[in-house]
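Work through the exercises below with the sequence and the 3D structure beside you. Try each task before you read its solution.

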Amino acid sequence: MAKDNRALAEVLYALGLAHQLANNLKYSYDHYTRAAAVLEARMQHLKSESASEENSAEITEIEGVLADLNEKIEDLKAGEDFKALLEREKLATTTIGFGNTDEKKTEVVHDLGVFKSKRKIEAKQNEADEKKFKPV
């Protein structure tokens, strides 16, 4: 499949929308920006070909879709949830090495909420088990 295929852009957009609905904002943003890049590549490809009425119509259509998509990306970035996500990622970023800023950085994202809730469930179950088997 060509890197400027509109079907690819549509799939990337659909994935971005699905991730946005699931509140996976980082993945949503990534897919939306990739869809925009595919559409921009398609537009450049069409502009490099010989001018035709069909190409002009598609370019106009892509410009409209890109404007809507870029607005969606900006709305996503402006949202409080996305800002909080960026702040968490910024806090979770650590430098490998001994303080050398030229070293590669890696992101370590901890979702401790999952572990906490699992521990609470296990603790409740242990309490219930202890009550069942408590000697008289």
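Read along the sequence, the chain runs through its elements in the order α-α-α-α-β-β-α, where helices (H or I, at least four residues) and strands (E, at least two) are DSSP runs numbered from the N terminus. The model is predicted, so that local features need pLDDT of at least 70 and side-chain atom pairs count only at pLDDT 80 or more, while totals for chains, interfaces and linings use all residues. Residues are numbered from 1 along each chain as its sequence is written, and side-chain values use heavy atoms, with hydrogens and water left out.

**Exercise 1. State how many helices and strands the chain has, and what share of its residues counts as buried.**

Solution. Step one is to count the elements, which gives five helices and two strands. Step two is to turn to the 136 residues of the chain, of which 20% count as buried; buried means under 20% relative accessible area, exposed over 50%, and partly exposed in between, with a 1.4 Å probe and protein chains only.

**Exercise 2. Describe how α1 packs against α2, and name the residues that make the contact.**

Solution. Two packed helices are described by the angle between their axes and the distance between the axes. Helix α1 (residues 6-21) and helix α2 (residues 25-48) pack at about 160°, and their axes lie 7 Å apart; the axes are lines fitted to C-alpha atoms, for helices over the stretch in contact, and angles run from 0 to 180 degrees between N-to-C directions. Helix α1 is therefore roughly antiparallel to α2, a label used for angles over 145 degrees, whereas those under 35 count as roughly parallel, 65 to 115 as roughly perpendicular and the rest as oblique. On the α1 side the contact includes Leu8, Leu12 and His19, and on the α2 side it includes Ser28, Val38 and Arg42, contact meaning heavy atoms within 4.5 Å.

**Exercise 3. Give the angle and the axis distance for α2 and α3, and say what follows for their directions.**

Solution. Helix α2 and helix α3 (residues 53-78) pack at an angle of about 160°, with 10 Å between their axes. The two helices are therefore roughly antiparallel to each other.

**Exercise 4. Is Met43 buried or exposed, and which residues does it contact beyond its neighbours in sequence?**

Solution. Begin by placing Met43, which is found in helix α2. Because its relative accessibility is 10%, Met43 counts as buried. When neighbours within four places in sequence are left aside, Met43 is in contact with Ile59, Ile62, Glu63 and Leu66. Met43 and Thr60 are 17 residues apart in sequence, and their C-alpha atoms are 9.1 Å apart in space.

**Exercise 5. Is Ser28 buried or exposed, and is Lys3 buried or exposed?**

Solution. Ser28, in helix α2, has a relative accessible area of 0% and is therefore buried; leaving aside neighbours within four places in sequence, Ser28 is in contact with Gly16, His19, Gln20 and Leu76. Lys3 is found in the segment before α1, and with a relative accessible area of 73% Lys3 is exposed. Not counting residues up to four places away in sequence, Lys3 touches Leu8 and Val38.

**Exercise 6. Where is Asn23 found, and what is its phi?**

Solution. Asn23 is found in the loop between α1 and α2. Its phi is near 65°, a positive value in a residue other than glycine.
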